[in-house]
Amino acid sequence: KEMTVRDALNSALDEEMSADPKVFLMGEEVGEYQGAYKISKGLLDKYGPDRVLDTPITEAGFTGIGVGAAYHGLRPVIEFMTFNFSMQAIDHIINSAAKSNYMSSGQISVPIVFRGPNGAAAGVGAQHSHCYASWYASCPGLKVLTPYSSEDARGLLKAAIRDPDPVVFLENELLYGESFPVSAEVLDSSFCLPIGKAKIEREGKDVTITAFSKMVGYALKAAEILAKEGISAEVINLRTIRPLDRSTINASVRKTNRLITVEEGFPQHGVGAEICTSVVEESFGYLDAPVERISGADVPMPYAANLERLAVPQVEDIVRAAKRACYRSVPMAAAA
Amino acid sequence: KEMTVRDALNSALDEEMSADPKVFLMGEEVGEYQGAYKISKGLLDKYGPDRVLDTPITEAGFTGIGVGAAYHGLRPVIEFMTFNFSMQAIDHIINSAAKSNYMSSGQISVPIVFRGPNGAAAGVGAQHSHCYASWYASCPGLKVLTPYSSEDARGLLKAAIRDPDPVVFLENELLYGESFPVSAEVLDSSFCLPIGKAKIEREGKDVTITAFSKMVGYALKAAEILAKEGISAEVINLRTIRPLDRSTINASVRKTNRLITVEEGFPQHGVGAEICTSVVEESFGYLDAPVERISGADVPMPYAANLERLAVPQVEDIVRAAKRACYRSVPMAAAA
Amino acid sequence: DTRTLTIETSVPFTSHKCESPSRSVDTTPSELLSFFRDMATMRRMEIAADSLYKAKLIRGFCHLYDGQEAVAVGMESAITKKDSIITAYRDHCTFLGRGGTLLEVFSELMGRIHGCSKGKGGSMHFYKKDSGFYGGHGIVGAQIPLGCGLAFAQKYKKDGTVTFALYGDGAANQGQLFEALNISALWDLPAILVCENNHYGMGTAEWRAAKSPSYYKRGDYVPGLKVDGMDALAVKQACKFAKEHALKNGPIILEMDTYRYHGHSMSDPGSTYRTRDEISGVRQERDPIERIRKLILSHDLATEKELKDTEKEVRKLVDDAIAQAKESPMPEPHELFTNVYAKGYGVEAFGADRKEVRAVLP
Amino acid sequence: DTRTLTIETSVPFTSHKCESPSRSVDTTPSELLSFFRDMATMRRMEIAADSLYKAKLIRGFCHLYDGQEAVAVGMESAITKKDSIITAYRDHCTFLGRGGTLLEVFSELMGRIHGCSKGKGGSMHFYKKDSGFYGGHGIVGAQIPLGCGLAFAQKYKKDGTVTFALYGDGAANQGQLFEALNISALWDLPAILVCENNHYGMGTAEWRAAKSPSYYKRGDYVPGLKVDGMDALAVKQACKFAKEHALKNGPIILEMDTYRYHGHSMSDPGSTYRTRDEISGVRQERDPIERIRKLILSHDLATEKELKDTEKEVRKLVDDAIAQAKESPMPEPHELFTNVYAKGYGVEAFGADRKEVRAVLP
Ligand SMILES: Cc1ncc(C[n+]2csc(CCOP(=O)(O)OP(=O)(O)O)c2C)c(N)n1
Ligand SMILES: Cc1ncc(C[n+]2csc(CCOP(=O)(O)OP(=O)(O)O)c2C)c(N)n1
Ligand SMILES: [Mg+2]
Ligand SMILES: [Mg+2]
């Protein structure tokens with residue numbers, strides 16, 4: 001059976017709302033409009049306006065309200081129409097949500113989920129394409145999840161809603177419409193994935209490729225191409241960026257001795273940098289080649305289609321980097 | 001001659017305001033109160049209320065106003081009482097300031113400086129101790145400067161104000177009162193430091209230590225201790241986090257073959273992670289030991305003095321890490 | 001033809017903490033004719049953008065302005081290009097009003113180098129600094145403090161000019177509006193906050209998003225005017241009044257009662273949260289172009305045929321611009337790395353695969 | 001002694017878009033005596049904190065509440081511990097009002113394990129969730145939407161309870177206040193926004209920070225009351241009124257006209273932006289403790305000597321608590337890693353030198 005990521009998210013929300021009356025959904029256009037990207041379709045009808053709340057376009061206000069409601073024991077799911085707009089509310093995510101349990105020595109836990117599409121979409125320009133994975137994942141007190149497939153979307157969103165801590169849940173607009181096979185287990189309403197565990201999407205022995213969100217699909221495509229050229233790539237779907245599954249990553253690199261990190265966000269202080277450093281710290285002696293980092297280009301997102309394509313990783317970038325790591329010669333192109 | 005960092009910043013502001021009538025200072029308590037930390041002392045008297053503006057406690061509002069004024073060709077210096085409060089205005093720093101020159105293909109440059117104390121102070125708890133170096137430095141379009149000494153403070157602040165791009169200028173409250181020797185050259189009103197260039201504060205040959213802001217002093221102290229034990233440490237004061245001076249760092253590591261990164265911020269996706277990765281990318285073959293990362297502990301900042309001390313790097317942490325990198329045995333302590 | 005005509009606005013202004021300007025607006029035949037032509041151009045341009053979007057020549061978000069044209073043309077007729085304008089993402093017509101060209105619009109929409117942002121900005125990020133247009137901003141509400149900052153600079157430079165900061169009814173609830181308004185009022189900045197109230201923020205009707213949808217009273221302590229934003233002459237009158245007020249007394253709010261015919265953006269059919277009757281009612285009774293057409297005809301300033309000809313001409317100009325824009329090249333790959341900074345210090349910047357693509361920043 | 005006394009408030013309430021409560025406030029002798037004792041305790045506690053700070057036993061920021069005590073005790077007398085309170089960093093006395101102990105206060109201030117946050121929060125981050133106190137927030141304005149969120153939960157759970165969100169005059173300009181207020185009004189949340197107007201935000205007088213310092217009218221469309229915040233009985237009356245209003249009609253604003261005797265925090269002498277005369281004038285004419293003392297004496301509810309004895313007792317309680325707090329241990333080092341999460345999944349977390357200090361998160 002196949003399911004789109006959109007339906008996976010929608011069904012996860014639906015099931016958790018039906019299982020726990022404390023769960024409610026709040027955000028712009030989540031109700032009558034059925035969600036800007038239709039993730040919340042049908043939920044207003046089913047759960048009514050007390051539990052599916054359309055807000056004004058005031059992120060600081062409604063996010064603060066969500067966090068306050070979580071202090072009091074409710075389990076809010078806050079939708080950002082896109083995560084770019086979370087910057088208007090970021091103080092509440094960091095200072096009001098992430099730090100409260102610690103500052104209060106455990107008195108004020110904050111069971112809240114912040115979710116919405118993150119990172120680059122298509123043709124939406126510099127202000128609507130920012131990936132916030134590394135920012136949020138740098139902050140102790142938060143958990144940061146990045147689903148790729150429908151299985152991920154269902155299992156991780158349900159885990160996020162059930163979790164007693166603030167979770168930043170980074171979706172990807174371009175994946176919403178993608179279909180993935182799902183097992184009966186995944187479709188069961190009890191299904192849940194563990195937070196903090198990466199998934200090996202494809203086993204391999206020559207090179208490890210880490211990726212999250214949309215880039216997992218690219219990494220898998222790259223792995224197929226590499227396989228044809230005799231390189232066996234292991235693809236790790238990180239699933240959680242914080243807490244990062246250092247042990248799965250290191251175990252893989254200790255086997256393959258080579259590492260490629262892939263992300264769509266900006267490179268500096270990014271997810272790849274952390275993964276590289278974790279491996280250097282824990283498995284330095286196992287590395288047979290420099291770690292290769294594939295990332296968004298270090299520029300604001302341009303609109304023009306040809307530049308945009310250059311600004312985000314392509315499958316061929318991953319393939320090329322993997323070959324380099326495996327010391328297969330790759331012709332050097334001219335600098336742009 | 002000696003000068004405190006406070007006086008260095010104050011004199012830099014004064015000189016640049018006197019040199020360019022387009023420069024003005026805006027922020028909370030910068031005028032009549034002479035600055036929460038007295039950095040702007042005397043400037044209201046000297047330049048009047050048109051150029052030294054006390055604002056209400058509304059960071060989003062006055063930061064947006066500052067950025068708009070920069071669009072129009074003024075050169076605002078925006079003081080955040082501390083950078084923690086910059087989160088209320090971060091959308092304007094990222095979306096309105098950093099990306100405008102690119103989105104407009106060079107029509108709208110944004111000559112603005114965002115400055116104030118950043119990171120941990122003493123006993124101010126979780127909400128007032130966040131280091132934003134890696135967040136801002138991840139963002140193309142921004143330049144991020146982190147002065148350590150009075151020379152840095154003067155030279156970099158003057159460079160920041162003269163620069164045509166948005167600069168995030170991260171000071172450290174605990175350094176304000178510290179005195180450093182300054183040369184006649186540094187005191188000259190024409191003095192300016194290059195953006196994007198690190199400074200080798202101490203030459204060495206056995207191990208490279210990178211640090212910025214307050215941690216440079218710690219690194220220098222560690223180097224002294226190490227020297228007594230026969231380890232010659234090279235200390236790099238990064239000065240600029242973006243654009244990062246990769247060549248100075250790599251050149252040093254190619255000489256010493258060992259690297260310790262030091263920062264007070266959270267480790268994940270931090271400055272150390274980027275430096276480690278840059279070195280792995282460019283000088284992998286030169287590394288004789290795993291890169292060692294010293295950073296703030298991966299927890300919100302606790303208030304209690306003993307816990308706070310554990311939450312930020314100490315000189316002995318740097319010394320220990322350097323010895324490890326140099327394969328000098330260090331006794332392992334029990335985990336906390 | 002510049003003889004003075006005096007025309008009554010359709011409805012009175014409603015004022016808050018200030019006098020109302022007179023309902024009698026001075027205009028001229030040539031002004032009315034240019035209103036007609038300019039609005040017809042805008043209308044045609046937006047309709048064409050709709051088609052180009054559907055033909056997949058425009059990507060991403062695309063927010064059309066048809067229905068709201070009277071705000072752009074009325075405002076321009078009251079001010080000069082030394083005054084500044086800043087708006088949100090629904091910016092094509094505002095840009096045109098500032099003197100931007102159709103070629104620049106369509107090239108930008110298609111991501112070509114003749115675009116006003118050389119293809120790097122896209123639909124939401126138009127600029128024309130040389131005639132005081134500061135964008136084109138994608139984050140709801142952000143342009144309000146930015147606009148007050150432009151006004152700050154105008155006052156600082158003692159320019160005698162003002163800034164019009166345009167935002168929607170949805171944006172009017174943003175906290176940064178209140179913060180910027182307070183500061184502007186404290187400092188008497190020559191800022192005019194123009195709420196283009198098209199009655200919906202995406203799919204949310206104004207009353208569902210605002211406890212008090214009297215946007216001209218926002219903040220309470222700042223004067224405001226409610227204006228028929230479908231009447232270019234009323235807009236002109238209000239903007240004249242506001243400019244004078246702002247130079248003398250600081251900020252003022254103009255609420256423009258207007259309407260967008262299209263959905264919010266191309267992904268919104270625009271018909272789930274409002275009735276077709278509502279839309280066609282506005283089209284029939286309040287359309288800004290038809291209002292001017294009627295005025296022109298009733299004052300015998302042109303014949304129906306002449307106006308139809310103007311529309312045809314405009315159509316051709318739009319088609320020509322599109323054809324030209326289609327010929328405009330995509331940006332060169334190296335443009336990926338230009339304009340990240342005004343001053344790049346020759347630092348290296350990286351592409352997706354940094355070992356393959358890197359560039360020295362100019 | 002619980003016979004009813006009816007006492008007139010010092011000044012009338014000023015109301016905005018609502019009725020005023022009566023100036024005649026019902027109280028009892030025992031209530032007045034407890035007001036006296038509670039406020040004297042708060043006063044003494046803050047003075048002691050000042051000394052401890054100067055003795056370097058308290059670190060970092062420390063914001064004292066002396067002068068504003070009537071707000072904390074008046075509010076508590078009108079509500080129950082099922083109602084919620086949230087405030088900013090000036091939180092010691094609010095915490096005490098909610099039933100916190102002196103030992104918890106001083107231990108927290110000195111970073112010891114008997115602190116209300118076990119030493120990990122510090123001066124600005126006190127909490128007592130079991131009696132509805134949700135902190136202790138360091139970011140100006142943040143507690144306002146948070147408080148509205150508490151009210152959201154109360155309404156969601158159909159608790160019949162309300163939330164009091166306290167903030168300063170400086171905070172009253174924050175955009176998030178307007179955003180939260182609008183949502184609260186749209187959704188009829190039982191939220192009471194309490195502006196403790198002590199007339200300065202740090203060194204900035206209210207009129208320099210707010211074009212309209214009528215904080216009880218903020219937003220305009222929400223009802224509000226201006227209250228003498230130095231008069232515990234007026235505060236009580238207003239809070240009773242507000243609670244009833246909020247349960248029936250949604251949000252309401254209370255502006256408490258009050259005063260802080262100390263500087264903003266320990267680094268502010270508090271005398272550069274206001275005159276000594278102003279401070280001593282308030283002390284002499286409006287002091288909240290003296291007002292109650294006079295009421296008690298004029299109604300013969302206790303003798304001067306008895307009140308002095310109460311003050312002595314309170315002083316001893318404070319001294320004892322300090323002595324005890326000084327004996328309270330610092331947190332164990334492993335507490336560095338507790339409470340990062342409610343559920344840590346056994347993940348490893350790192351100290352400054354990760355190869356030396358790491359811990360498994362509980
Ligand atoms: C801070 C922020 N939140 C959400 C969005 C998504 N968004 C874009 S436009 C829009 C509606 C704005 O409505 P309004 O202000 O009335 O302007 P209009 O589109 O009607 O011109 C929304 C919710 C955004 N761009 N920025
Ligand atoms: C967003 C933010 N900006 C600045 C500060 C620094 N700061 C702390 S308290 C304060 C003054 C607040 O004044 P007011 O709201 O009147 O409260 P009061 O201190 O008088 O009780 C300032 C500027 C902060 N904590 N948060
Ligand atoms: Mg609208
Ligand atoms: Mg105050």
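## Contact between chains A and B

In this predicted model, 39 residues of chain A are in contact with 39 residues of chain B, two residues being in contact if their C-beta atoms, placed from the backbone, lie within 7 Å. Helix H4 (90-98), helix H5 (100-103), helix H6 (133-137) and helix H11 (271-283) of chain A each give at least two residues to the side that touches chain B. H11(A) contributes the largest share of that side, namely eight residues. Helices (H or I, at least four residues) and strands (E, at least two) are DSSP runs, numbered from the N terminus.

The side of chain A that touches chain B is made up of 20 nonpolar, twelve polar and seven charged residues. In this classification Ala, Val, Leu, Ile, Met, Phe, Trp, Tyr, Cys and Pro count as nonpolar, Asp, Glu, Lys and Arg as charged, and the others, Gly among them, as polar. Of the interface residues of chain A, 100% are also interface residues in chain B, so the copies meet through the same surface.

## Conventions of the model

Residues are numbered from 1 along each chain as its sequence is written, while chains are lettered from A and ligands numbered from 1 in the order in which they are written. The model is predicted: local features need pLDDT of at least 70, side-chain atom pairs count only at pLDDT 80 or more, and totals for chains, interfaces and linings use all residues.

## Domains of chain A

The domain assignment divides chain A into domain 1 (2-187) and domain 2 (199-325); such bounds come from an automatic or database domain assignment. The C-alpha centres of these two domains of chain A lie 26 Å apart. Their contact takes 22 residues from domain 1 of chain A and 23 residues from domain 2 of chain A.

On the side of domain 1 of chain A that touches domain 2 of chain A, at least two residues each come from H6, strand E6 (143-145) and helix H7 (150-162) of chain A. That side of domain 1 of chain A has 13 nonpolar, seven polar and two charged residues.

## Contact between chains A and C

The contact between these chains takes 42 residues from chain A and 45 residues from chain C. Helix H3 (59-71), strand E14 (292-294), helix H12 (305-311) and helix H13 (315-325) of chain A each supply at least two residues of the side that touches chain C. H12(A) gives the most to this side, with five residues. By class, the side of chain A that touches chain C has 24 nonpolar, ten polar and eight charged residues.

## Chain C

Chain C contains eleven helices and 13 strands. Its radius of gyration, taken over C-alpha atoms, is 21 Å, close to the 21 Å that the globule rule gives for 362 residues, so chain C is as compact as a globular protein of that length. The globule rule is 2.2 Å times the number of residues to the power 0.38. Along its principal axes the C-alpha trace of chain C spans about 65 × 50 × 45 Å.

The domain assignment of chain C gives domain 1 (5-331) and domain 2 (334-362), and the C-alpha centres of these domains of chain C lie 36 Å apart. An unreviewed UniProt entry carries the annotation "domain: Dehydrogenase E1 component" for residues 37-333 of chain C. UniProt positions are given in the numbering used here, feature names are shortened, and annotations may be inferred rather than shown by experiment. The span 37-333 of chain C is 46% helix and 12% strand, and its end C-alpha atoms lie 38 Å apart.

## Ligand surroundings

Ligand 1 lies between chains A and C. Of the 20 residues around ligand 1, Val140(C), Gly168(C), Gly170(C), Ala171(C) and Gly201(C) come nearest; a residue is near a molecule if its C-beta atom, placed from the backbone, lies within 6 Å of it. Strand E6 (163-168) and strand E8 (200-201) of chain C each supply at least two residues of the shell around ligand 1. This shell around ligand 1 has nine nonpolar, seven polar and four charged residues.

Ligand 2 lies between chains B and D. Surrounding ligand 2 are 20 residues, of which the closest are Val140(D), Gly168(D), Gly170(D), Ala171(D) and Gly201(D). The elements that give two or more residues to the shell around ligand 2 are strand E6 (163-168) and strand E8 (200-201) of chain D. The residues of the shell around ligand 2 divide into nine nonpolar, seven polar and four charged.
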